[in-house]
Amino acid sequence: MTSRTVRQYRNAVARKFNDYWTGTLTSTAASGATVLKDTTRVEVDGFFRNGFIRLNPGSSAVNHRIVESYVDEGTLNIAGVGLAGELASGVAYDLYKNIPAADYDSLIDEAILSTAREGQLSSLDNTSITLVGGVNDNSYEYTMPSGFSYISEIWIADSAGNYTNFVPLDMVTLLPGSTRKLRFSRHIPITDGRAVRLLGQGVHAINTTGDNFAITLDNDYISTHLELGVAKEFSKGEGSVAVNADRRVRDLTQMVEIRRGELATGFRVTPGSLVVPI
């Protein structure tokens with residue numbers, strides 16, 4: 001399953017609703033500036049009025065509301081106190097006329113969370129546990145990494161760092177609590193500094209890092225679910241745009257239900273996995 005980023009999902013769906021443009025600044029914008037320059041824009045004056053701009057897409061993106069745009073000057077005027085810091089010429093931006101990036105991203109999070117309700121889990125591979133040598137309880141009991149719903153395999157690294165030592169699942173106990181624990185049987189040899197590899201499945205995390213957050217779930221389902229959410233927003237307006245969006249809501253609702261059924265019937269927990277307690 002190919003992963004896609006939040007920005008890729010957002011912009012692909014926004015483009016379907018004629019709600020996405022992109023560009024780069026053609027002049028440096030100083031800290032505090034309220035006028036951004038892009039002399040390559042060709043849209044008529046006021047085309048982006050009351051729209052939304054996301055500057056410097058990525059982990060350090062910033063959002064602003066556009067109050068006016070002028071084609072002759074090649075300017076986009078933003079609301080408020082201006083930029084928090086200088087942006088150099090060549091910095092990229094994304095434009096949305098109707099729905100801000102944050103609202104698209106909330107709809108993406110809804111789509112991610114809905115896959116968990118349908119039972120589609122992500123494959124997880126974690127090596128964050130390092131064994132502590134000795135014969136006390138700390139040598140055998142470790143905090144479980146977050147995100148796991150099931151554990152299917154456990155391996156311990158050898159002296160070369162290769163995961164060659166398989167741990168039978170019946171030699172491990174998973175303990176519930178506010179901090180979930182993984183406890184090895186005392187029959188398992190514990191060597192100080194050796195890494196532990198956990199393989200399993202869990203609920204996909206929602207976006208915590210911005211535009212480049214990767215989503216490794218069914219692409220068709222996420223896209224269709226997001227498109228349905230956006231269509232519902234457009235259907236709240238007036239005129240032909242709202243009428244067409246309402247038609248799309250009906251069609252997309254059926255498509256989401258079809259994809260929902262495929263997710264539910266296609267999901268299988270790896271046989272013999274340990275269930276991680278809540």
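Student: In what order do the six strands form the open sheet?

Tutor: This is a predicted model, in which local features need pLDDT of at least 70, side-chain atom pairs count only at pLDDT 80 or more, and totals for chains, interfaces and linings use all residues. Residues are numbered from 1 along each chain as its sequence is written, and side-chain values use heavy atoms, with hydrogens and water left out. Strands here are DSSP runs of E of at least two residues, helices are runs of H or I of at least four, both numbered from the N terminus, and two strands pair if DSSP finds at least two bridges between them. The pairing in this open sheet is antiparallel, and the order is β2-β7-β4-β5-β6-β3.

Student: Which strands are the edge strands?

Tutor: An edge strand pairs on one side only. Three bridges join β3 to β6 (residues 75-78) in an antiparallel manner, with K37 opposite T75. The edge strands are β2 (21-24) and β3 (35-37).

Student: What angle does the direction of α1 make with that of β7?

Tutor: Helix α1 packs on the sheet, where it touches β2, β4 (52-55) and β7 (92-96); contact means heavy atoms within 4.5 Å. Axes are lines fitted to C-alpha atoms, for helices over the stretch in contact, and angles run from 0 to 180 degrees between N-to-C directions. The angle between α1 and β7 is about 45 degrees.

Student: Are α1 and α3 parallel, perpendicular or oblique to each other?

Tutor: The axes of α1 (residues 6-16) and α3 (residues 219-234) come within 10 Å and cross at roughly 50 degrees. Angles under 35 degrees count as roughly parallel, over 145 as roughly antiparallel, 65 to 115 as roughly perpendicular, and the rest as oblique. The two helices, α1 and α3, are therefore oblique.

Student: Which residues of α3 does α1 meet?

Tutor: From α1, the residues in this contact are Y9, R10, V13 and K16. Among these, Y9, R10 and V13 are buried, that is, under 20% relative accessible area with a 1.4 Å probe, protein chains only. Their partners in α3 are N219, I222, S223, L226, E227 and V230.

Student: Which residue takes a positive phi in the hairpin of β12 and β13?

Tutor: Four bridges join β12 (residues 172-175) to β13 (residues 181-184), which run antiparallel, and V172 stands opposite F184. Five residues lie between the strands. The one with a positive phi, near 140 degrees, is G177.

How values were computed: Buried means under 20% relative accessible area, exposed over 50%, partly exposed in between (1.4 Å probe, protein chains only).
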